[in-house]
Amino acid sequence: MSFQIEKIHHVAYRCKDAKETVEWYKKNLNMDFILAFAEDHVPSTKAFDPYMHVFLDAGNGNVLAFFEVPNQPEMGFDPNTPNWVQHLALKVKDRDELMAAKEQLERAGIDVIGVTNHGIFHSIYFFDPNGHRLELTYDDPTSEDKVSMITDAIKHDMLDEWSRTKRAPAHTQFLHSDEFAEARDIAPVGE
């Protein structure tokens, strides 16, 4: 390769209302509104398609951006992709921060799923006013040890097995064993 990616410059999604989106992310996720620009023509394609492009500070040089494109058909999502698949995960410092965020979101009337134990990190899930799924997560204190158990050989074996069978390889089931044990305690399998 003749080049190397340095980092993600920004991630952009569509929004229904740019002002509402900026205000929601400031109020609920404490993201500052850092930049906006708008044009009647798309710079890359030169097509006439008026838009507002807003940028939010997601911390540590990470930028989350949105486009409002009012002349396009109403926003939709791929009906063949489950709504839990496409999401944006944002990291918080620790469990205390995650629980504070969960409490604040729920006080604001936002439905929150979790805390979900992924073994190497713990997460909550919710949707923004545009229907985008968001995840807030913090690293488990044992994450480095658990990640080190997933060697290069294991990850490649898993990928090859998945490619052949389209069934979940068992190599890393230890990561979610606590989460599924908790679920079985609440509703045993078959009930």
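1. With which residue does Asp-32 form a salt bridge? In this predicted model, the partner of Asp-32 is Lys-26, and the closest N and O atoms of the pair are 2.7 Å apart. Asp-32 has a relative accessibility of 38% and therefore counts as partly exposed. Lys-26 is likewise assigned to the partly exposed class, its relative accessible area being 38%.

2. The count of salt bridges comes to six. One of them joins Arg-107 to Glu-103, with 2.8 Å between the closest N and O atoms. Both residues belong to helix α2, where a spacing of four residues places them about one turn of the helix apart. Arg-107 is exposed because its relative accessibility, 61%, lies over the 50% cut-off. Glu-103, at 48%, is partly exposed.

3. A further salt bridge links the side chains of Lys-155 and Asp-152, at an N to O distance of 2.9 Å. Helix α4, which spans residues 152–165, holds both of these residues. They are three residues apart, again about one turn of the helix. For Lys-155 the relative accessible area is 43%, so this residue is classed as partly exposed.

4. Strands β2 (residues 33–41) and β3 (residues 48–57) form an antiparallel pair with seven bridges. Within this pairing, Ala-38 has Met-52 of β3 as its bridge partner. Six residues lie between the two strands of the hairpin, and Lys-46 adopts a positive phi near 70° there. As a general point for reading such strands, side chains in a regular strand alternate between the two faces of the sheet.

5. Asn-71 is located in the loop between β4 and β5. Setting aside neighbours within four places in sequence, the contacts of Asn-71 are Phe-48, Asp-49 and Pro-50. For Asn-71 and Asp-49, a C-alpha separation of 6.7 Å accompanies a distance of 22 residues along the chain.

6. Thr-116 is part of strand β6, which covers residues 113–117. Its relative accessibility is 15%, under the 20% cut-off, and Thr-116 is therefore counted as buried. Beyond neighbours within four places in sequence, Thr-116 contacts Phe-121, His-122, Ser-123, Tyr-125 and Glu-179.

7. The largest pocket has a volume of about 700 Å³. Its lining consists of 26 residues, and those nearest the centre are Met-31, Ala-58, Gly-59, Leu-90 and Lys-91. Helices α1 (18–29) and α2 (95–107) each contribute at least two lining residues, as do strands β4 (63–68), β5 (87–91) and β8 (133–139). By class, the lining of this pocket comprises 14 nonpolar, eight polar and four charged residues.

8. Which residues line the second largest pocket? The lining is made up of His-118, Ile-120, Phe-121, Met-158, Ala-168, Pro-169, Thr-172, Gln-173, Leu-175, His-176 and Phe-180. The volume of the second largest pocket is about 290 Å³. Seven of its lining residues are nonpolar and four are polar, with no charged residues. Phe-121 is among the residues of this lining and is also one of the contacts of Thr-116.

Key. Residues are numbered from 1 along each chain as its sequence is written. This is a predicted model: local features need pLDDT of at least 70, side-chain atom pairs count only at pLDDT 80 or more; totals for chains, interfaces and linings use all residues. Side-chain values use heavy atoms; hydrogens and water are left out. Buried means under 20% relative accessible area, exposed over 50%, partly exposed in between (1.4 Å probe, protein chains only). Contact means heavy atoms within 4.5 Å. Two strands pair if DSSP finds at least two bridges between them. On a 1 Å grid over the protein atoms alone, a cavity is a set of points where a 1.4 Å probe fits but cannot get out, and a pocket is an open set with protein on both sides within 12 Å along at least five of seven lines; lining residues have an atom within 4 Å of a point. Grid points are joined across faces, edges and corners, and a volume is the space filled by probe spheres set on the points. Ala, Val, Leu, Ile, Met, Phe, Trp, Tyr, Cys and Pro count as nonpolar, Asp, Glu, Lys and Arg as charged, and the others, Gly among them, as polar. A salt bridge is a side-chain nitrogen of Lys or Arg within 4 Å of a carboxyl oxygen of Asp or Glu.
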